[in-house]
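Biologist: Please take a close look at one part of this model, the surroundings of the ligand, and describe them in a connected way with the criteria behind each term.

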Amino acid sequence: MIKPISIIVAVAENNAIGKDNRLLWHVSADLKRFKRLTSGHTIVMGKNTYFSLPVKPLANRRNIIITDNINDSFAGCEMAYSIDEALQLCDAEKENFVIGGASIYRQFLPFTQKLYITSVHKSYDADTFFPEISSEQWEITEKENVIKDTQNDFSYSFITYRRKNYL
Ligand SMILES: NC(=O)c1ccc[n+]([C@@H]2O[C@H](COP(=O)([O-])OP(=O)(O)OC[C@H]3O[C@@H](n4cnc5c(N)ncnc54)[C@H](OP(=O)(O)O)[C@@H]3O)[C@@H](O)[C@H]2O)c1
């Protein structure tokens, strides 16, 4: 059965998404949007991203954490010990959000129908990157440009992509 899987991510111009298990910027409008979109839904993340969260688990959401370590178990979370197991735990009816990090984005991309990308118009020194999105496979359905504000020295865009010809 095909589950409704979406990826939500903030990506720099050079595809950077993180360094030293931390985010690279703080954009409060983006965090608010993340909360609005994911609340009431299932979220799926790798163990590193879980550890990077300031508050764990994220409230008002089903938190699924992926790890190879079958001894790991985190309060208030559901554990998955493979991508396949995480997919089985995902909701069949409602949108599931894959929230990172790099390894989980890469492995979930083939199962994903929708991408919510915050495109940060700046490059960063980083150790984790989002995969390249091909215009042959993905089409933009929504785009909102946000010019730089007092909080940040960069502009950014909220871009939604839909997979073309998802079978
Ligand atoms: N910019 C953004 O929007 C955004 C969003 C989220 C995260 N990030 C950043 O991304 C970085 C973290 O990414 P990451 O790639 O290092 O870590 P990650 O994807 O969050 O977690 C990696 C861990 O997940 C587990 N895992 C991955 N694939 C698995 C599989 N097939 N089966 C079982 N377990 C599996 C492994 O845990 P075990 O080692 O326990 O087996 C692995 O070490 C951080 O810098 C974070 O801030 C950025």
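**The ligand site**

Modeller: Sorted by class, the shell around the ligand holds 11 nonpolar, 12 polar and 4 charged residues, where Ala, Val, Leu, Ile, Met, Phe, Trp, Tyr, Cys and Pro count as nonpolar, Asp, Glu, Lys and Arg as charged, and the others, Gly among them, as polar. The model is predicted, so that local features need pLDDT of at least 70 and side-chain atom pairs count only at pLDDT 80 or more, whereas totals for chains, interfaces and linings use all residues. Residues are numbered from 1 along each chain as its sequence is written, and side-chain values use heavy atoms, with hydrogens and water left out.

In total, 27 residues surround the ligand, and the closest are K47, T49, T67, D68 and S103; a residue is near a molecule if one of its heavy atoms lies within 4 Å of it. The elements β1 (5–12), β2 (16–18), α2 (47–52) and α4 (102–108) each supply at least two residues of this shell, and the largest share, 5 residues, comes from α4. These elements are DSSP runs numbered from the N terminus, helices being H or I with at least four residues and strands E with at least two.

On a 1 Å grid over the protein atoms alone, where a 1.4 Å probe is used, a pocket is an open set of points with protein on both sides within 12 Å along at least five of seven lines, and lining residues have an atom within 4 Å of a point. About 1,100 Å³ of space lies in the largest pocket, a volume being the space filled by probe spheres set on grid points that are joined across faces, edges and corners. The lining comprises 40 residues, of which L23, T49, S52, L53 and I99 lie nearest the pocket's centre, and it divides into 21 nonpolar, 12 polar and 7 charged residues. To this lining β1, β2, α1 (28–38), α2, α4 and β7 (114–120) each supply at least two residues.

Most residues other than glycine have a negative phi, and most peptide bonds are trans. In the loop between β6 (96–98) and α4, where G101 is found, a cis peptide bond joins G100 and G101, with omega about -5°. Another cis peptide bond joins K56 and P57, with omega about -10°, and P57 is found in the loop between α2 and β4 (62–66). D20, which is not a glycine, has a positive phi of about 50° and lies in the loop between β2 and α1.
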